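The following exercises concern a predicted model. Please work through each task with the structure open before reading its solution.

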Amino acid sequence: MKLGMARGEVFLRVLAIVVLVVTACLVAFDTQTKVVILTIEKTATYKDMNALKILVYITSVAAGYNFLQLCKHSTCSKGNFQGSYIYMAWICFLLDQIAVYITFAANTAAFGASMLAVTGSEALQWLKVCDKFTRFCIQIGGALLCGYVASILMALISAISAYKVFRMYSPKWFMRLKSM
């Protein structure tokens, strides 16, 4: 059972890293240039919207975090760290939770800002950007979908971390460690 769960966690982490890197690359390398008036050109990039910049940074950091967790998993599986395992399990659980929430929040903020680009805002006199930069907006939409998939994968990883933490405690006594 432990070996299957460990393999599942490694598979989920690798998959999350791939999806997070795809998200960051789709957003960071997405540009489109259009002629606005005669010879005046406007280029749409992720740098035009702060929410997209933050999304690139956070997804990159989350991918790095998951990679470091993979490295930790491969080195700690060879040794026996009974005493510090409880603390390490709690730290990993809390960091996994933080990574999920921050990634989901950044993706949702980018989604909200992108909706303004799609619909515009007459009250703020903002034009619909996606009427002019259709390919750019479609690629950002794909990146946001990948970001939500990555958030779901990391939530599954967090559930495995929670299981690792709470299986060490007795079901009869609240938050009392099982005798080893």
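**Exercise 1.** Determine whether Tyr87 is buried or exposed, and identify the surface feature to which Tyr87 belongs.

*Solution.* Begin with the relative accessibility of Tyr87, which is 61%. A residue counts as exposed when its relative accessible area is over 50%. Tyr87 is therefore classed as exposed.

**Exercise 2.** Classify Asn66 as buried or exposed, and list which residues Asn66 contacts beyond its neighbours within four places in sequence.

*Solution.* First, locate Asn66 in helix 2, which spans residues 50–76. Its relative accessible area is 2%. Because buried means under 20%, Asn66 is buried. With neighbours within four places in sequence set aside, the contacts of Asn66 are Arg13, Ala16, Ile17, Leu20, Met154 and Ile157.

**Exercise 3.** Describe the second largest pocket: how much space does it hold, and which element gives the most to its lining?

*Solution.* Start with the volume: the second largest pocket holds about 380 Å³ of space. Its lining comprises 21 residues, of which Met49, Ser114, Ala117, Phe136 and Cys137 are the closest to the centre. Then assign the lining to elements: strand 2 (40–44), helix 3 and helix 4 (134–166) each give two or more residues. Helix 4 gives the most, with seven residues.

Note on methods: Residues are numbered from 1 along each chain as its sequence is written. This is a predicted model: local features need pLDDT of at least 70, side-chain atom pairs count only at pLDDT 80 or more; totals for chains, interfaces and linings use all residues. Side-chain values use heavy atoms; hydrogens and water are left out. Helices (H or I, at least four residues) and strands (E, at least two) are DSSP runs, numbered from the N terminus. Buried means under 20% relative accessible area, exposed over 50%, partly exposed in between (1.4 Å probe, protein chains only). Contact means heavy atoms within 4.5 Å. On a 1 Å grid over the protein atoms alone, a cavity is a set of points where a 1.4 Å probe fits but cannot get out, and a pocket is an open set with protein on both sides within 12 Å along at least five of seven lines; lining residues have an atom within 4 Å of a point. Grid points are joined across faces, edges and corners, and a volume is the space filled by probe spheres set on the points.
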